[in-house]
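Here is a short report for a reader meeting this structure for the first time. Please look over the sequence and the model before reading on.

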Amino acid sequence: MNKKLIIAIIAFVVVIAAVIGAYFAFGPKATEGQKSVTIEVIDDKGESKKYDIKTDALYLNEAMDEAGITYEAEGTYVNTVNGITADYDKDMSYWAFNVNDTYCNYGIFEQPVNDGDVFKIEYTVYEE
Amino acid sequence: MKSKFRILDIAIIGIMVAILLAAKVALDFLPNIELVSFLVILYGLCFGWRVLCVIPVFIVVQALLYPFGDWIIMYTYIWWIPAIAALFFKKVDNVWIWSIFSGLYGLLFGALCSITYFALGWIEGGVSFGLSTAFAKWISGIPFDLTHCIGNFAVMLILYKPIRKTLTSIKKTLSL
C-alpha cells in the first residue's frame with residue numbers, strides 16, 4: 001500500500017470522525033421526562049384539530065404516534081397526515097411543520113420535543 | 001478551421017445525460033443512495049472534457065422534470081466538483097482513491113448544499129442568520145450524509161473497475 005493511499009485513508013477516517021463528532025456535539029437533543037406538548041393539525045379544508053398530550057417522547061414522530069396522528073413519510077419528507085396526502089408534484093401542496101411558530105429545522109424523526117412545545121402541522125399550498 | 005466538437009461527441013454527451021437521468025430516477029426512492037456521483041467521476045475519467053457538457057444539460061433537464069426548489073441552486077455548483085476533480089486527477093487509476101473521494105464527497109454533500117442555505121439566510125436576515133441556518137441544515141442532515149458516504153464508497157468500490165474498463169473500451173472503439 002503506497003504512502004498516498006495511507007494518507008487518504010487516514011484523512012477519510014478523520015473527516016468521518018469529525019462529522020460524527022459535530023453531530024453529537026451540535027445535533028438535536030431532547031430532554032427526558034413528562035412533557036406537556038400541543039400538536040395542532042390543520043387539514044386541507046383549513047379545519048384545525050388540537051392534540052394536548054403528556055409525553056416522554058424524545059422526537060416529534062413519537063409524540064405524533066402517542067397523540068394518534070397518523071402519517072406516511074418518504075425518507076424525512078412527510079407527505080400524508082391523518083390520511084390526507086399533500087402532493088407537491090400535483091398542486092404544489094405540502095405539510096408544513098412548525099414548532100413554537102418557527103419552521104422546524106429537522107425532520108419529524110429528529111425534531112426534539114421539549115416541555116411546552118406547540119407544534120403546528122399545516123396543509124399548505126405553495127404560492128408563487 | 002475544423003471544429004473539434006463532432007456530431008459523435010454530441011451523441012455521446014446525449015447518451016451520458018440519458019444514463020445519468022435514468023440512474024438518478026431509478027434510485028430516487030432510496031434516500032442519498034445514488035449513482036450520479038459515480039457516473040460523473042467515471043465520465044470525467046474516461047471521456048474527459050465532455051463531462052463539462054453533460055453537467056449543464058443534466059441540470060436543465062432536472063429543472064424541467066422536478067418542481068422548482070432550493071435544490072436547483074445547489075445543483076448549479078454541486079456536480080461540477082466531482083467532474084472537475086476527475087478531470088484534474090485523470091491519471092489516477094486507483095479504485096481505493098476514487099472510493100475514498102466519492103465517499104468524502106457524499107459525506108460533505110450536505111455541507112456543500114448548506115452554502116445555498118447560507119446565501120438564502122444571508123439575504124433574508126444577514127450573515128449570522130445565514131450562518132446559523134446553514135449550520136442547522138448541515139447538522140440535521142449528517143445521518144443522511146453518512147448514508148451518502150457509505151453508498152458512494154461502496155458503489156465506487158464495486159463498480160469502478162468493470163465500468164471504467166467498459167467505458168475505456170467504448171472510447172477506443174469510437175476513437176474519442
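## Where the chains meet

In this predicted model, 19 residues of chain A are in contact with 15 residues of chain B. Contact here is a C-beta distance within 7 Å, with C-beta atoms placed from the backbone. Two helices of chain A, H1 (3–26) and H3 (88–91), each supply at least two residues of the side that touches chain B. H1(A) gives the most, with 10 residues. Helices are DSSP runs (H or I, at least four residues), numbered from the N terminus.

Ala, Val, Leu, Ile, Met, Phe, Trp, Tyr, Cys and Pro count as nonpolar; Asp, Glu, Lys and Arg count as charged; the others, Gly among them, count as polar.

| Class | Residues of chain A touching chain B |
|---|---|
| Nonpolar | 14 residues |
| Polar | three residues |
| Charged | two residues |

Residues are numbered from 1 along each chain as its sequence is written, and chains are lettered from A and ligands numbered from 1 in the order in which they are written. Local features need pLDDT of at least 70, side-chain atom pairs count only at pLDDT 80 or more, and totals for chains, interfaces and linings use all residues.

B:Ser140 sits in helix H8 of chain B. Is B:Ser140 buried or exposed? B:Ser140 is buried, because 22 other C-beta atoms lie within 10 Å; the cut-off for buried is 20 or more, exposed means 12 or fewer, and partly exposed is in between. Leaving aside neighbours within four places in sequence, B:Ser140 is in contact with A:Pro28, A:Asn105, A:Tyr106 and A:Glu110.

## Two helices of chain B

The axes of H1(B) (residues 7–26) and H3(B) (residues 51–65) come within 9 Å and cross at roughly 50°. Axes are lines fitted to C-alpha atoms, for helices over the stretch in contact, and angles run from 0 to 180 degrees between N-to-C directions. The two helices are therefore oblique to each other. Residues in H1(B), including B:Ile13 and B:Met16, meet residues in H3(B), including B:Cys53 and B:Val54. That contact has 10 nonpolar, no polar and no charged residues.

## The core

The largest nonpolar core has 41 residues, and B:Tyr43 and B:Val54 touch the most other members. Such a core is a set of buried Ala, Val, Leu, Ile, Met, Phe, Trp, Tyr and Cys residues joined through C-beta atoms within 7 Å. H2(B) brings the largest share, nine residues.

Technical notes
Parallel < 35°, antiparallel > 145°, perpendicular 65-115°, else oblique. Contact = placed C-beta atoms within 7 Å.
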